[in-house]
Amino acid sequence: MAPPRQRTDLERPGGFAANLVFLAEELRAEGVSSGTSELMDAVAALGEVAWTDPEDVREALAATLAKSPEDRRRFELVFDRFLFRASEEAALREGVKEGEDDQAATAAGEDGAFDEADLRDAIAQAIRDGDEGAMRDLARLAISAFGRRGQGSGVIGVDVQRIRRSLGLRSDPQPDAPQGDPRREGLPREQLRRFEQLLRRELERGSIERTQQLPPSRPLSDLDRGLPGGPLQDLASVHKVVVQLKRRLKTQGQENRGRKRHAQIDVRRTMRASLQTGGVPVDLRYKPTRPRRPEIYVLCDVSTSVTSASVFFLSVMHALHDSFRKMRSFVFIERISEVTEVFERERDFKAVNEAISRDAGVADISGYTDYGRVWSEFREKVEDELHPRATVIVLGDARTNGRDPRADLFADVAAKAGRTFWLNPEPRLYWNYGDSVISAYEQYCEAFECWTTEQLEEFVKALARPVR
Amino acid sequence: MADSPASVEDLRAGLRDADYLAGESTALVAYLATRLGKPVLVEGPAGVGKTELAKALSRYLSRKLVRLQCYEGLDEAKALYEWNYRKQLLRIQAEAEGTGWNSVHDDIFGEEFLLTRPLLEAISSPEPVVLLIDEIDKTDQEFEAMLLEILSDFQVSIPEMGTVRAASMPIVLLTSNNSRELTEALKRRCLYLWLDYPELKAELEIVRLHAPELDETIARRLVEVVGMVRELDLKKPPSIAESIDWARALLLIGAEDLDQQVFRDTMSVIVKHRTDLDIVAERVGVRLAASSRGAS
């Protein structure tokens, strides 16, 4: 008999329909917009498929609730989490335990015959083959072999990483591994992630069994949700923000129109108007104040460390080029090269992208970014043009690969230009870790993390703020 | 042919008989569409068989396929209905002097003078049909808004005549290449199906189904190569239809193996851009076995 517990969120009146509503609510919390009518569709669809087939149920729900590839991805994550919690909840309620299994696994782990090297090999093999069932079994074995030694740290993420390290699972090739070993070529990243997920799941299950209660439900981490999986997957939403960016930037500068602070008399038109009053200039005519087009300099990192973000950034650059005539763009890796001409020549984003990767001629010897060199070259190229109304935008991760950041040069550029922005494609959490030196630059500019379109919108707001 | 499939498996087998190999989710969503009478929005890259699915469904259910090909600037007159105003003019002229306006009015706005376009045709057909609205993402948002009435209630309002209700329930498929985000309102009314390039095994089956004479090993090799080509960043990755074409081309020239020579000669069947050709020749061609004919 299970010990008395407090009510948890899965035990609620209303039965199945209520559960479905809660699932929809969780989906909405993760940004999948599913309306009531869609929920009714889902109920209708479930009436048509066999209950006993979990795949059919999942597909039926997905077809009615998730209406884009992006939504579908989130749906999978939320649905998995929901099912997992629901079944754990039920197991707790019924007092089901996996005692025998666990003991068997522990016995195998302690047994000398099933030693660690064998286990490592078996896991690497299963990961390479992508064998889901084997991976699940082996995850349990791995936990009992490596995980319980120190009784676990209590933090699941830490345990997962520890087990993974002790298993020696890495995605990069390990050439010293013997011929034919799956680890020699490096394990497929996707499968490795999947295995980690299984480890996490099994650890969670263990902890639920020990503590006899469900941990509070957590939202999907931003990393699960936000990072574009494929290079073109999220391009549609980028375009949406970029359109908004264009609109904002186009209207910018207009608010000065009509303000007569620095109004200058237009002598010719005043004389002409004075003819009506017998040559006496009663009516003064002013030169219209023209909105000043801001001048923009964009520097975009296209090195390998920001590959996934550079498509995103290039599309932003492309949009900027549509709106500004006075704009110069540069791409850089180790050295800098100007691509203004490419953007002006090509109107199509795809063509631009290709032209840049083909013949922008980024001088790239080592393939590593050298920010110090970039600043000095940039200064050389635009020194005479920089003035307080110019805006400099840097798109890059500020990873110097251990080279001198030369923040003094950057400070000099920032001081000459009116405004300086930095868009970093890494989550703020990673800033200043490893070879990231964003803090050296951050004091001279406004730095934004920018790896989702929402964050791009934040930047648009900052950029569109009136210049003083 | 069944009028309505009894189960998902039924429908899958039926589609197979209609020369269409449906994946798990495809069959399920198609089944739900027949049962629930909801339109299906099919999205995915070009050439994965979105349009083909509609054709196969119409073959399987022995229903007529009504197709509306969308393009920019498509309007109601081309999609829904139009008054045949030349005929109306003739009618008015033929009318004897002195006939009252009312009787003429009643006359010329009758069904006789109505030119039905695909959407109205699908709705008013006495036999149930399969309605395919192809490449909905090519139209403007205004057109999408117009579709909403049809998709949710299966009816069309014609101001001069009143509302035309569906005489039979059509199965509606909308396809989109995702070139534009569709409106939420439209998506909400549809079931959603994302079709992607099939797995290696499934594609092999498809190729074997359409080119059964092709040697199994070559077919496998071909599907692997097509997979490799799709991995590359091309302007236009090869579609399923193109792999089938390629299989037939190989049959025609009687290739015994897929080596570098054969690949160079026939690769234009699957790759259609000059820059793509260069990339493919460079990246995939070299990975194939050197020409056996050249060596011997």
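Me: Buried means under 20% relative accessible area, exposed means over 50%, and partly exposed lies in between (1.4 Å probe, protein chains only). What makes helix H3 of chain A mostly covered?

Reply: This is a predicted model, in which local features need pLDDT of at least 70 and side-chain atom pairs count only at pLDDT 80 or more, while totals for chains, interfaces and linings use all residues. Residues are numbered from 1 along each chain as its sequence is written, chains are lettered from A and ligands numbered from 1 in the order in which they are written, and side-chain values use heavy atoms, leaving out hydrogens and water. In H3(A), 10 of the 12 residues are buried. Among them are A:Val57, A:Ala60, A:Leu61 and A:Leu65. The cover over the buried residues includes helices H1 (15–29), H2 (36–46) and H4 (69–94) of chain A, as well as H1 (8–17), H2 and S9 of chain B.

Me: What caps the N-terminal end of H3(A)?

Reply: A:Asp53 does, with a side-chain oxygen 3.0 Å from the backbone nitrogen of A:Glu55. A polar contact is a pair of N or O atoms within 3.5 Å; within protein, one must be able to donate a hydrogen and the other to accept it, and residues adjacent in sequence count only if both atoms are side-chain atoms. The 3.0 Å of this pair lies within that limit.

Me: Why is the pair A:Glu48 and B:Arg35 called a salt bridge?

Reply: A salt bridge is a side-chain nitrogen of Lys or Arg within 4 Å of a carboxyl oxygen of Asp or Glu. The closest N and O atoms of A:Glu48 and B:Arg35 are 2.9 Å apart, so the pair qualifies. The rule finds two salt bridges across the interface of chain B and chain A. Five residue pairs are in polar contact between the chains, both residues being at pLDDT 80 or more. In chain B, helix H2 (24–36), helix H9 (184–188) and strand S9 (191–194) each supply at least two residues to the side that touches chain A. H2(B) gives the most, with eight residues.

Me: How is the size of the interface between chain B and chain A known?

Reply: Buried area is the accessible area (1.4 Å probe) that two parts lose on being put together, summed over both. By that rule, chain B and chain A bury about 1,800 Å² between them, 59% of it on carbon and sulfur atoms. B:Leu28, B:Arg188 and B:Tyr192 lose the most area on the chain B side, together 29% of what that side buries. Contact means heavy atoms within 4.5 Å, and 21 residues from each of chain B and chain A take part.

Me: Why is B:Ala255 called buried?

Reply: Its relative accessibility is 18%, under the 20% limit, so B:Ala255 counts as buried. B:Ala255 is in the loop between helix H12 (240–253) and helix H13 (260–266) of chain B. Leaving out residues up to four places away in sequence, B:Ala255 touches B:Ile218, B:Leu250 and B:Val262.

Me: What sets B:Phe154 and A:Arg406 apart in their backbone, and are they buried or partly exposed?

Reply: Neither is a glycine, yet phi is positive, about 55° for B:Phe154 and about 50° for A:Arg406. B:Phe154 has a relative accessible area of 5% and is therefore buried.

How values were computed. Helix = DSSP H or I, 4+ residues; strand = E, 2+ residues; numbered from the N terminus.
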